[in-house]
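Me: I'm new to this one. Could you walk me through how to read a few of its features?

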Amino acid sequence: MMPASPFMMKAFHVADENRGQTWPNPCVGCVIVQGETIVGIGATQKGGRPHAEDMALAQAGVRAQGATAYVTLEPCAHKCVFQLIKAGVSCVVAAIEDPDPRTAGQGLEHLRRAGIRVVLGDGGALALEMHRGFLSRLHRQRPVVDVKMGMSLDGRVALADGRSQWITGDVARAHVQVLRSQYDAVLTSCKTIVTDRARLTCRLAGREEHQPLRIIVGNAARLTPDLPVFQGGGPVWLISRQGVPNSLERLFQNIISIKHEEDLKKSFINLGKEGLTQVMVEAGPELITSLFQEDLVDRWHLFYAPVFLGGDARPLLQDLLTADLQQHRLRILGTQTMGDDLYVHAETMGHTTIPHTISA
């Protein structure tokens with residue numbers, strides 16, 4: 001894969017501004033260049049439409065004639081390629097192919113047949129990262145699942161009585177707001193909603209009107225309408241094996257019922273069918289342990305506060321079914337000091353790459 005050129009980097013930057021807001025479509029960036037001058041910039045819009053190419057071509061107008069279009073994902077074969085052909089671009093540079101069966105190389109082939117030069121692979125590694133949720137939904141039928149947790153240096157997430165708020169400091173908590181803004185949905189358990197009275201909204205300036213979806217897993221009979229999660233902040237979904245009391249049905253935009261014998265993986269496959277591409281889990285040890293045991297956790301956002309809580313406090317993970325050290329090993333992606341806290345970004349071993357081929 002080629003490193004990203006400056007114009008492709010610009011396309012990634014533009015796409016990143018709408019990350020978490022475009023599902024079920026990928027968040028794509030497009031930059032149209034005439035000579036060495038950018039004449040059009042666009043990103044997939046909220047809700048997935050219009051596409052990035054539409055936005056960039058509208059801005060470029062007649063200046064797209066003979067220009068080069070840099071796109072972070074192969075243009076869709078059912079519309080965008082024909083828009084590019086009609087506009088008269090001379091070259092399309094795509095980071096990776098689109099694995100969606102409706103496109104899957106067909107978009108690039110349409111361009112070639114129209115006499116347009118195609119370059120593939122510019123910034124391919126960055127594209128795999130940018131679009132990893134979209135690729136996961138297509139290849140694995142489920143969104144990527146990342147866990148966020150704040151804890152003490154000895155790996156404890158709450159006191160023995162369950163109190164867990166404000167272990168980490170202001171800087172770390174502010175970064176959590178940034179993370180929430182980048183995901184389609186935040187998922188938690190009924191227990192966390194009740195115990196912590198969690199709202200799980202994104203409180204970044206400018207994001208008030210487009211909140212991540214909030215998904216609650218568990219028995220809705222434990223919930224009450226006065227909980228903060230139901231007091232504004234966007235739609236709430238429920239995943240449950242139990243029936244929902246009639247008095248609570250109105251609280252949920254969508255109720256996904258799973259059978260008692262079905263595992264958590266089935267729940268996330270259902271979320272993939274609903275179009276979700278990336279989910280951040282903010283829950284307690286019970287749900288996180290279950291997700292880890294079922295090999296569903298792709299990445300970890302871990303915030304360590306400089307404090308010890310001791311052996312009576314609650315650990316991040318409960319008892320694991322196996323003591324296989326290699327099975328539980330993580331790959332560190334990066335570390336950063338945030339105020340007095342330490343942020344560790346890690347990936348579960350074996351989840352490094354969503355299967356994808358970048359063809360020549």
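This is a predicted model: local features need pLDDT of at least 70, side-chain atom pairs count only at pLDDT 80 or more; totals for chains, interfaces and linings use all residues.

Me: Which elements make a right-handed β-α-β unit with strand 4 and helix 4?

Reply: Helices (H or I, at least four residues) and strands (E, at least two) are DSSP runs, numbered from the N terminus. A crossover is right-handed if, with the strands pointing away from you, the path from the first strand over the helix to the second runs clockwise. Here, strand 4, helix 4 (residues 106-113) and strand 5 form such a unit. Another right-handed one consists of strand 3, helix 3 (residues 80-87) and strand 4.

Me: In what sense do strand 4 and strand 5 pair?

Reply: Two strands pair if DSSP finds at least two bridges between them. Strand 4 and strand 5 (residues 117-120) pair in the parallel sense over four bridges, with Val92 opposite Val118. Strand 3 (residues 68-71) also pairs with strand 4 in the parallel sense, over four bridges, and there Thr68 stands opposite Cys91.

Me: Are the faces of strand 4 covered or open?

Reply: Buried means under 20% relative accessible area, exposed over 50%, partly exposed in between (1.4 Å probe, protein chains only). Both faces of strand 4 (residues 91-94) are covered: Cys91 and Val93 are buried on one side, Val92 and Ala94 on the other.

Terms used. Residues are numbered from 1 along each chain as its sequence is written. Side-chain values use heavy atoms; hydrogens and water are left out.
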